[in-house]
Amino acid sequence: LTPQDQAAFRRLALFSGSFSLDVAMEIAGDEDLDILEGVSSLIDKSLVSRVDREDGAARFRMLETIREFGLHQLRSSDDYAVVSQRFLDYYAELAQASVLATVGPEQTAWMQNLDDEVANLRLAMEIALEQGPSGGTRGLQVASGLWRFWLSRGLISEGHGWLVRMLEHGTEIPAMLEAEARNNLGNLNLELGHLELARQQYLLSRDLYRSIDDAMGMADELNNLGLIELLQSRFDSAREQLEESLRLRRTTTDRLGLPSTLSNLGDIAMVDGDLDTAEGYFLEAYQVRREFGNTRGIALSCHSLALTAAYRGDLQKAHRWIDEGEFHAQALNDAYATAILQVDRSLMLIAEHRVQGAADLQIVALRSLLRIGSQRMIAETLDALAGTCIAAHRYELGARLLGKARALRDDHAISISSR
């Protein structure tokens, strides 16, 4: 290998999984090293191979045994400190950019990009840990920015673990970043069924937002704390906090966060049996999510609107909402939203006396949710499956499943079912 090839080989070995040419040029290239030429030369020498995505976009990778040798060479060279810092900086910025991008019109493309880059994002956090306290801010930017990706891809426990490690690792973290990170850790705790841990993180986040006079952040925490009250059947307290969150969101520019609060207030109206009010909240949330092109949010709004239609006895309309929701969830390859909508569909099938079809969907959804780890949705799916067993006159199995759902709710202090 020429000296230029050796330098390119060393630096490109830092990438885990695969890399795109433009990112390699930004991280590994400089005025003394033409990465485009380096990649071409290394392909000719069979040290780098090209892999094409389904859409034709090119990515590149090394065999792991070859990469390990190159990485050892890089770590032994003067290049490592500079290139690894560029690597961490780049992926921290990518994760932060994804926070808004993954709720906007380019959501599908961004999720695909994060799928492609997930091994490098994990490596970036390892580099941050390796750097000690000086890497704390950048590492936390990666871990916090990815929370929605972890949830969408059914990797809640992994995302939770990274956030905990990064929050423990960092020192002198900016208040805004720590507030966002604790909020996002609360979100993952919520899905894992750790409601009291979620509440603690939301309270810490609220206090941090209050210290920097951030009204939009305060509205977010009021919404989240209200949701926990809702899930634990403290409806008056939930309504009070959610209505205050809604007031703050309407008096600030926080339209992006508005649908979450509207949807939670809609759930309270459903509990009250006020379907007109519930539908009004759900429709407004749906319209705002369409305005922003939030595909995943639209799918979740379709879930709420389907249940409202079902409670009104309009199963045809409920099926149409589920059809739309599944279209959006599957376009994103969103395992979590897809499982929720599968359970919704199963309830419609039960109402139509299509018991076996309902059971099949519920089992598929349950397997997915068990892998994801969302305890509250596992409990709801067990409830639904128990209802299917009872409809099929399998009373003993239905009773056992109800017992499992109840035990799960008791273990995690989750008392309400939205279904």
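**Figure 1. The loop between helix H20 and helix H21 holds His-393.** Helix H20 covers residues 375–391, and helix H21 covers residues 395–412. The model shown here is predicted. Most residues other than glycine have a negative phi. Is His-393 buried or exposed? His-393 has a relative accessible area of 57%, and over 50% counts as exposed, so His-393 is exposed.

**Figure 2. Helix H20 leads up to His-393.** H20 has 17 residues. From its first C-alpha to its last, H20 reaches 24 Å. That is close to the 24 Å expected at 1.5 Å a residue. H20 is mostly covered, with 13 of its 17 residues buried. After H20 comes His-393, with its positive phi near 65 degrees.

**Figure 3. Ser-46 has a positive phi.** Where is Ser-46 found? Ser-46 lies in the loop between helix H3 (35–44) and strand E1 (49–52). Phi of Ser-46 is near 65 degrees, and Ser-46 is a residue other than glycine. The relative accessible area of Ser-46 is 58%. Over 50% counts as exposed, so Ser-46 is exposed.

**Figure 4. Leu-63 sits in a loop between a strand and a helix.** The strand is E2 (58–61), and the helix is H4 (64–75). Leu-63 has a relative accessible area of 59%, so Leu-63 is exposed. Ser-18 is 45 residues from Leu-63 along the chain. The C-alpha atoms of Leu-63 and Ser-18 are separated by 10.0 Å.

**Figure 5. Helix H2 packs with helix H5.** H2 spans residues 21–28, and H5 spans residues 79–101. Their axes are 8 Å apart. The angle of packing is about 130 degrees. That makes H2 oblique to H5. Which residues meet in this contact? H2 brings Val-23, Glu-26, Ile-27 and Ala-28. H5 brings Val-83, Arg-86, Phe-87, Tyr-90 and Tyr-91. Seven residues of this contact between H2 and H5 are nonpolar, none are polar and two are charged.

**Figure 6. Helix H10 is mostly covered.** H10 runs over residues 175–191, with 17 residues. H10 reaches 25 Å from its first C-alpha to its last. How many of the 17 residues of H10 are buried? The count is 13. Just after H10 comes Gly-193, with a positive phi of about 85 degrees.

**Figure 7. Helix H16 packs with helix H17.** H16 covers residues 295–311, and H17 covers residues 315–331. Their axes are 8 Å apart, at an angle of about 165 degrees. An angle over 145 degrees counts as roughly antiparallel, so H16 and H17 are roughly antiparallel to each other. H16 passes H17 in a left-handed crossing. Residues of H16 in the contact include Thr-295, Ile-298, Cys-302 and Leu-305. Among those of H17 are Leu-315, Trp-321, Glu-324 and His-328. The residues of the contact of H16 with H17 divide into twelve nonpolar, three polar and two charged.

**Figure 8. Helix H17 also packs with helix H18.** H18 covers residues 335–351. The axes of H17 and H18 are 9 Å apart. Their angle is about 160 degrees. H17 and H18 are therefore roughly antiparallel to each other. Their crossing is left-handed. H17 residues in the contact include Leu-315, His-319, Ile-322 and Asp-323. H18 residues include Thr-338, Leu-341, Arg-345 and Met-348. Of the residues in the contact of H17 with H18, nine are nonpolar, five are polar and four are charged.

**Figure 9. Ser-368 has its place in helix H19.** H19 covers residues 355–372. Is Ser-368 buried or exposed? Under 20% relative accessible area counts as buried, and Ser-368 is at 15%, so Ser-368 is buried. Which residues touch Ser-368, leaving aside its neighbours within four places in sequence? Ser-368 is in contact with Ala-335 and Ala-339.

Conventions:
Residues numbered from 1 in each chain as written. Predicted model: local features only at pLDDT ≥ 70, side-chain atom pairs only at ≥ 80, totals over all residues. Heavy atoms only, no water. Axes fitted to C-alpha atoms, helices over the stretch in contact; angles between N-to-C directions. Helix = DSSP H or I, 4+ residues; strand = E, 2+ residues; numbered from the N terminus. Parallel < 35°, antiparallel > 145°, perpendicular 65-115°, else oblique. Contact = heavy atoms within 4.5 Å. Nonpolar A, V, L, I, M, F, W, Y, C, P; charged D, E, K, R; others polar. Left-handed = near helix turned anticlockwise from the far one by under 90°. Expected span 1.5 Å × (residues − 1). Buried < 20%, exposed > 50% of the residue type's maximum accessible area, 1.4 Å probe, protein only.
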